[in-house]
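I opened a new notebook page for this protein.

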Amino acid sequence: MSFSDLAAKREARLKTQQKRQEAENVDARPTELSTEVPTEASTSSHRLEEEDLIKVLNVDVEIRQTKDKGRGLFARRDLKPGHTVLSTIPTVIALDKQHISQFCSYTAQSEYGGLFASELGTMKKLARCSLCKTIFYASKEAQKSDWPIHKNECLCLRSLGSSSIPQDSVRALARFVWMKDHKRTLGDNEWGQSVEDMYDAYDNYTEEQKIGLGNKAKEFFDFFTQGGKDREAMSRYNLSISYIMRMLCKIQTNGFALSGSDFMEIGTAICPLAACINHNQEYNSTVLFTQEDNRLSVVAFKGIEKGDEITTTYVDGAEPWDAQRNQLLKQYLFDIGPGPDTDSKVDAFDQHEGQKVALKLAKPLQSAEKWMTSDPIKAFNQLQPHYESVVKTYPPHSYHRLRYLRSCFTAMTAISYMDDMPSWAPSMAVELAKATLESTKAILPYGHPVRGLMLVELSKQMLANRNEEKGTSEQTVVKKLTNCITITEEALAEVKIGYGKGSYFSRGLEKQLQDIKLEIHFRNMAQMSISQS
């Protein structure tokens, strides 16, 4: 199904949606107008007439009706790389079961505080709900704010037990229903309408997909009714099976992965405003959480000209084309085609010579994914034997090479944080970080947040490895620290573009730079003192 086919389905809801679309919690950010020509041309030159305007969101962006993709987000002025064009709080968030004890259920702030917890003091001591003993909060204020939802959820969790926590998309729908009911008791009958008006592809689902949704609907029913103990709950909230199926489909189609600034997925976020952003293979912005909390931001990592569409990717842009195509077909029901012509250096090799090795890698990658969280050393041991073959077979710009290296580095990063970390881990982590960064740079454009994140990871690993080896001289340590400064400065330059100014990573890197320079100063002073004595 094409974008044009999907657009036809959306038009029936569009007029109603225009009136109801809320732009709450949007930062207008009246910043200085850009006088420079953007560094890169926009990837979409689709200009629109004034009558296509639906809603002005702020000084930077507006929602317009496109000719072939439904609604879209468009620039109202020239936007520089690194500009945060939109910032908003999602309507609802829901943590997945794996992370429910490590993050605040209301603000999504993490217990460990992120990669720069020590530099920025962002580590949070989470408090557990004393009733259900399952949900955690970063503060009393967060717990109080979430109570209108959690008082209902708390009953379900107490009745069913923590082992019966549903998947995050199901829990997100339940939290949405409870909040909508709470808002109506306060007299706000329009709250949540923009979520219910979101497009869904249910009518185009295959029978297999509908069965999958049906299983989710059953999971919702079991959770919402406390395992059938409160069957009146469905009628009390005026819920039908049809409504539940449609809403689950809307969340599946329009939901965002709730994540930390390190792209680790921790749950689901529902945000109708951000759902207006269309997919494009040559996208110019990313939708991400940049502050280690639940504020969602749209950041332009390329220059965007006035009147051009702001687009993003609905899938991982660093994955091979076929993997992206399959995911888009499965989840969003549109086809991006077989890929670019074979004169594209990135895809040509992967689609021909590299396919045989890619098939051999499929099993080790799947096996490693299985053990990545519970036993990262076992995960790494599944991957390590293939390292030489991958590096020799695939050039740096190969998607298959990057996928493999990212898996290796993910496992190694987990290993490097273990209390009983193997002695070989620090130097191996640095080596893998450099190899992964090389491929990332070969595939993704300058300023892309994944490049920035990889540079951040490399700087952290180099810093941790500065004096791991026994007998390392002070001169060698200072040299390593000086190299850390170079990488940290490069990371800061790209992070300011990929994550926007003032992001969690920007602040963390600035503090890291100060700390490294201070450490070099003290080490040099100590050496001078020793030499003079």
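**Entry 1: Confidence**

I looked up where confidence is lowest and highest in the protein: helix α1 (residues 3–20) is lowest, at a mean of 46, and α4 is highest, at 97. The score is pLDDT, the predictor's confidence in each residue, from 0 to 100. I noted that this is a predicted model, where local features need pLDDT of at least 70, side-chain atom pairs count only at pLDDT 80 or more, and totals for chains, interfaces and linings use all residues. Residues are numbered from 1 along each chain as its sequence is written, and side-chain values use heavy atoms, with hydrogens and water left out.

The mean pLDDT of the protein is 86. I also wrote down that 86% of its residues reach 70 or more. Over residues 1–48, pLDDT stays under 50. The model has 119 contacts beyond four places in sequence for that stretch. Contact here means heavy atoms within 4.5 Å. Where pLDDT is low, the predicted coordinates should not be read in detail.

**Entry 2: The whole protein**

How many helices and strands are there in the protein? I found 18 helices and 13 strands. These are DSSP runs, numbered from the N terminus: helices are H or I with at least four residues, and strands are E with at least two.

Of the 533 residues in the protein, 53% are buried. Buried means under 20% relative accessible area, exposed means over 50%, and partly exposed lies in between (1.4 Å probe, protein chains only). I then took the contacts between residues at least 6 apart in sequence: 70% of them join residues at least 24 apart.

**Entry 3: α3 on α4**

At what angle do α3 and α4 pack? For helix α3 (residues 140–160) and helix α4 (residues 168–185) I noted about 125 degrees, with axes 9 Å apart. That angle makes α3 oblique to α4. The classes are: under 35 degrees roughly parallel, over 145 roughly antiparallel, 65 to 115 roughly perpendicular, and the rest oblique. Axes are lines fitted to C-alpha atoms, for helices over the stretch in contact, and angles run from 0 to 180 degrees between N-to-C directions.

The crossing of α3 past α4 is right-handed. A crossing is right-handed if the near helix is turned clockwise from the far one by less than a right angle, and left-handed if anticlockwise.

I listed the partners next. From α3 come Asp146, Pro148, Ile149, Asn152, Glu153 and Cys156. From α4 come Arg171, Arg175, Trp178, Met179 and His182. By class, this contact of α3 with α4 has five nonpolar, two polar and four charged residues. Nonpolar covers Ala, Val, Leu, Ile, Met, Phe, Trp, Tyr, Cys and Pro; charged covers Asp, Glu, Lys and Arg; the others, Gly among them, are polar.

**Entry 4: α4 on α8**

I followed α4 to helix α8 (residues 241–254). Their axes come within 10 Å and cross at roughly 115 degrees. This crossing is right-handed. On the α4 side I found Ser169, Val170, Leu173, Phe176 and Lys180. They meet Tyr243, Ile244, Met247, Leu248 and Ile251 in α8. The contact of α4 with α8 counts eight nonpolar, one polar and one charged.

**Entry 5: α17 on α18**

Helix α17 (residues 474–498) and helix α18 (residues 504–532) have axes that come within 9 Å. They cross at roughly 160 degrees, so α17 and α18 are roughly antiparallel to each other. α17 passes α18 in a left-handed crossing. I counted 13 nonpolar, six polar and seven charged residues in the contact of α17 with α18.

**Entry 6: Two leucines**

Is Leu95 buried or exposed? Leu95 sits in strand β5 (residues 92–95), and at 1% relative accessibility Leu95 is buried. Beyond four places in sequence, its contacts include Ile100, Phe103, Asp168, Arg171 and Leu258.

Leu155 lies in helix α3. With a relative accessible area of 41%, Leu155 is partly exposed.

**Entry 7: Positive phi**

Most residues other than glycine have a negative phi. I noted Lys133, with phi near 55 degrees. Lys133 is in the loop between β6 (127–128) and β7 (136–137), and is partly exposed at 46% relative accessibility.

Asn238 also has phi near 55 degrees. I placed Asn238 in the loop between α7 (232–236) and α8. Asn238 is exposed, at 68% relative accessibility.
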